[in-house]
Structure formats: C-alpha cells, structure tokens
Amino acid sequence: MAASSAIGIYRDGGSLTPAISFAWLALVLTRLRIRDDAWARMDPGHREAHRRLWTDLVRRAQPGYAAAPASLLALTGWQGGDGALANLAIDRALADTPG
C-alpha cells in the first residue's frame, strides 16, 4: 500500500512529504513482495512520475535502503530508453547491496 500510494501521489503531480514518508517507503521496499508490487505498477505511460519518485527516494535513502528504489529507477530508465540513467541506478543499487 505504501508503494502504490506513493506512485499515485507522483502520478497526480505531487511528491512525498515529510521526510518520514521517504524513510518508510525505503524501509517497506526492502520486502520483496512490496518491491515487486511497485515493479509491476511501472506503467511506461507514467514514466516521468516514476522517474521523479524513485529519484527522490534514491537521493534520500539511507545506506542499506537504496538498492530497491535504485532498481526501480533503473527500470524506469530502461523503459524510457535512458541507458545512462539505468546504468547509474544499477551501480547505486549494487553499491548499496553488493550481494
């Protein structure tokens, strides 16, 4: 629910506030089921909203919590044909969780 709510907020042109919202989302995305649900909601028609959301979250994520949103950001880059963004996001995910 946290991921789908955040996606909806960004699709409507908004953003998450306060910082605790970003922290909570980063935490819940560590659960594979929630991360995969967010992954399944990655509609290319809303690519810009997804890019804003996952970029905002990757920027704010504490060490140990950036891999999932960085992976979602990489998917957004890939869907949009932005290989540079996809590669940078994957590098960020691997740096956060090398295994």
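Q: How is the accessibility of R60 to be read: is this residue buried, partly exposed or exposed?
A: The general idea is a relative accessible area with two cut-offs: buried means under 20%, exposed over 50%, and partly exposed in between, with a 1.4 Å probe and protein chains only. R60, with a relative accessible area of 45%, is therefore partly exposed. The model is predicted, so local features need pLDDT of at least 70 and side-chain atom pairs count only at pLDDT 80 or more, while totals for chains, interfaces and linings use all residues. Residues are numbered from 1 along each chain as its sequence is written, and side-chain values use heavy atoms, with hydrogens and water left out.

Q: With which residue does R60 form a salt bridge?
A: Side chains of opposite charge can pair when their charged atoms come close. The criterion is a side-chain nitrogen of Lys or Arg within 4 Å of a carboxyl oxygen of Asp or Glu. In this model the partner of R60 is D56, and the closest N and O atoms are 3.9 Å apart. Both residues belong to helix α4, where 4 residues, about one turn of the helix, separate them. Helices are DSSP runs (H or I, at least four residues), numbered from the N terminus, as are strands (E, at least two). D56 has 16% relative accessibility and therefore counts as buried, whereas R60 is partly exposed.

Q: How many salt bridges does the structure hold?
A: There are 4 salt bridges in the structure. One of them joins the side chains of R51 and E48, at 2.4 Å from N to O. These two residues also lie in helix α4 (residues 47-60), 3 residues apart, about one turn of the helix. R51 is partly exposed at 30% relative accessibility, and E48 is partly exposed at 46%. Another pairs R41 with D37 at 2.8 Å, N to O. R41 has a relative accessible area of 36%, so it is partly exposed, and D37, at 29%, is partly exposed as well.

Q: At what angle do α3 and α5 pack?
A: Two packed helices are described by the angle between their axes and the distance between the axes. The axes are lines fitted to C-alpha atoms, for helices over the stretch in contact, and angles run from 0 to 180 degrees between N-to-C directions. Helix α3 (residues 32-40) and helix α5 (residues 67-79) pack at about 20°, and their axes are 10 Å apart. Angles under 35 degrees count as roughly parallel, over 145 as roughly antiparallel, 65 to 115 as roughly perpendicular and the rest as oblique. α3 and α5 are therefore roughly parallel to each other.

Q: Are α5 and α6 roughly parallel or roughly antiparallel to each other?
A: The angle between α5 and α6 is about 165°, with 7 Å between the axes. These helices are therefore roughly antiparallel to each other.

Q: Which hand does each crossing have: is that of α3 and α5 left-handed or right-handed, and what of α5 and α6?
A: A crossing is left-handed if the near helix is turned anticlockwise from the far one by less than a right angle, and right-handed if clockwise. The α3 and α5 crossing is right-handed, whereas that of α5 and α6 is left-handed.

Q: Which residues form the nonpolar patch on the surface?
A: Patches are made of residues with over 30% relative accessible area and no salt bridge; like charges are joined within 9 Å, and nonpolar side chains (Val, Leu, Ile, Met, Phe, Trp, Tyr) within 5 Å. Accessible areas come from the Shrake-Rupley method with a 1.4 Å probe, and for residues only the protein chains shown count as cover. Here the members are W24, L27 and Y65, with about 310 Å² of accessible area together. L27 sits in helix α2 (residues 19-28) and is partly exposed, at 37% relative accessible area.

Q: How far apart in space are A95 and A66?
A: The separation of A95 and A66 is 9.0 Å, C-alpha to C-alpha, against 29 residues in sequence. A95 belongs to helix α6 (residues 83-96) and is exposed, at 60% relative accessible area. T55 and A74 are 19 residues apart in sequence and 9.8 Å apart in space, C-alpha to C-alpha. T55, found in helix α4, counts as buried at 13% relative accessibility.

Q: Which peptide bond is cis, with omega near -15°?
A: That bond runs from T17 to P18. P18 is placed in the loop between α1 (2-11) and α2. G13 is found in the loop between α1 and α2 and is exposed, with a relative accessible area of 56%. From G13 to P63, 50 residues apart along the chain, the C-alpha atoms are separated by 28 Å.
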